[in-house]
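Below is a set of questions and answers on one structure, meant to be read beside its sequence and coordinates.

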Amino acid sequence: MTRPYLHYAWEISLYSGKTRAYLRYKGIPFVEKNIHLWTMPTIQKKVGAQVMPVVVTPEGEWLQDTSHIIDVLEQRFPNAPVVPTTPRQKLASSLIEAWADEYWLPTAMHFRWSYPENFRDRFQPEVGDNLLPFMPRFIKNRAVTKVATLLRSYLPGVGVVPGQHEIIERWTHEQLDLLDTHFGQYGYLLGSKPCLGDFGLIGPLYAHLGRDPWPARELIAKRPNLHAWVKRMMNPPQPQAGNFLADDAIPDTLLPLFKSVFADFWPQLELTLGEMERTRSSLKPGRGWSRMLGMIDVPMGRDKLRIGARPFSLWMAQRSFDTFHALPAAEQASVQSWLESIGAGDAMKLAIPRLRQIALRVAPE
Ligand SMILES: N[C@@H](CCC(=O)N[C@@H](CS)C(=O)NCC(=O)O)C(=O)O
């Protein structure tokens with residue numbers, strides 16, 4: 001018998017929800033492994049950062065970064081592919097993955113950390129049990145304080161400061177309403193089976209918004225179609241069934257979400273690029289950029305959100321550019337005409353330097 005894959009993850013972790021939903025949907029034999037305080041140095045040694053999720057293959061390889069993990073597993077488990085084969089859907093799926101992974105961070109962090117009941121009733125008890133299962137509560141709480149202090153230190157960098165709460169909330173309510181409308185008509189983003197974009201979105205929409213008590217009650221439970229999608233994503237029907245929509249169609253109900261991809265996320269990429277160029281001369285060989293550079297003012301709906309520039313967002317976007325450029329000319333033309341029809345005709349012209357991922361950082365290739 002072959003050994004199962006190991007999924008080192010926490011239920012409460014944003015990106016772990018993405019890989020867990022994927023592993024379940026694909027029916028890949030895996031065992032969920034908790035990350036204890038004493039597991040962290042091993043993860044650091046194997047993948048270069050204290051990060052989750054991490055997948056260990058039956059052959060003993062340690063895979064890190066949810067996008068890379070899914071890429072590798074798609075090759076090994078070609079059944080029920082999550083990457084559409086038709087050009088517009090392929091790019092659309094990749095764009096939503098990048099946008100969900102990167103642009104939704106302020107939303108995820110705000111709704112977790114600005115409502116104390118999440119920490120009191122969920123984060124503190126659960127993370128304490130994860131880190132130090134056999135210790136008394138007061139020791140667990142001390143360990144949790146360290147983790148929480150680190151995570152809270154990220155808040156201003158992702159725009160979560162009191163003066164901006166309202167901006168994040170307004171934008172989030174709009175996006176959630178749009179998703180609720182969409183999932184009233186379709187099971188998943190692109191039809192009756194999930195694509196890469198669905199797995200990107202389930203990250204923020206499960207652990208933070210769908211499971212922390214305040215947002216689960218106030219944001220998700222109040223939107224029944226979205227709520228049902230979150231449940232479907234986390235408990236996928238087996239065996240897999242369903243299809244992407246015929247004729248490479250992109251549902252009209254997704255178009256307002258793509259408006260945010262190009263009007264909000266794209267300017268974030270451009271401004272981040274500026275910060276990366278400004279700091280390029282100080283790069284040390286093999287180290288890459290810091291995870292966060294200077295502050296930038298990024299559109300968020302009709303507002304602007306001041307956040308730190310995160311070079312990692314460019315690596316995620318690079319994946320979408322690569323998807324586009326790998327298409328044969330006729331398929332690129334079809335994608336281009338779709339982009340033009342939604343007012344994003346210049347989107348694929350954004351020139352970014354080639355980047356490689358080093359755990360949570362990126363460096364020039
Ligand atoms: N791009 C990475 C992001 C992983 C990530 O940021 N994971 C969080 C937990 S959900 C983490 O470990 N953060 C630790 C930190 O940021 O220092 C992926 O897709 O796997």
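Two strands pair if DSSP finds at least two bridges between them. Helices (H or I, at least four residues) and strands (E, at least two) are DSSP runs, numbered from the N terminus. The model is predicted, and local features need pLDDT of at least 70, side-chain atom pairs count only at pLDDT 80 or more, while totals for chains, interfaces and linings use all residues. Residue numbers start from 1 along each chain as its sequence is written.

Q: Which residue is the bridge partner of Gln357 in β8?
A: Strand β7 pairs with strand β8 (residues 361-364) in the antiparallel sense, over 4 bridges. The two form a hairpin with 2 residues between them, and Ala359 in the turn has a positive phi of about 50 degrees. Within β8, the residue bridged to Gln357 is Val362.

Q: Which residue of β2 stands opposite Leu6?
A: Strand β1 (residues 5-8) is joined to strand β2 (residues 30-33) by 4 bridges, and the two run parallel. In β2, the residue opposite Leu6 is Val31.

Q: What is the handedness of the β-α-β crossover from β1 through α1 to β2?
A: A crossover is right-handed if, with the strands pointing away from the viewer, the path from the first strand over the helix to the second runs clockwise. By that criterion, the crossover that leads from β1 through α1 to β2 is right-handed.

Q: Which residue of β3 stands opposite Leu6?
A: β1 also pairs with strand β3 (residues 54-56), here in the antiparallel sense and over 3 bridges. In β3, the residue opposite Leu6 is Val56.

Q: How many of the 13 residues of helix α1 are buried?
A: A residue is buried if 20 or more other C-beta atoms lie within 10 Å of its own, exposed if 12 or fewer, and partly exposed in between, with C-beta atoms placed from the backbone. Helix α1 spans residues 14-26 and is mostly covered, and among its buried residues are Leu14, Tyr15 and Ser16. The helix is followed by Gly27, whose phi is positive, near 70 degrees. The number of buried residues in α1 is 12.

Q: Is Ile342 buried, exposed or partly exposed, and why?
A: Ile342 lies in the loop between α14 (329-341) and β7 (355-358). Its C-alpha atom is separated by 7.9 Å from that of Lys259, 83 residues apart along the chain. Because Ile342 has 16 C-beta neighbours inside 10 Å, it counts as partly exposed.

Q: Why is Arg302 classed as exposed?
A: Arg302 is found in the loop between β5 (295-300) and β6 (303-308). Arg302 is exposed because the number of other C-beta atoms within 10 Å is 10.
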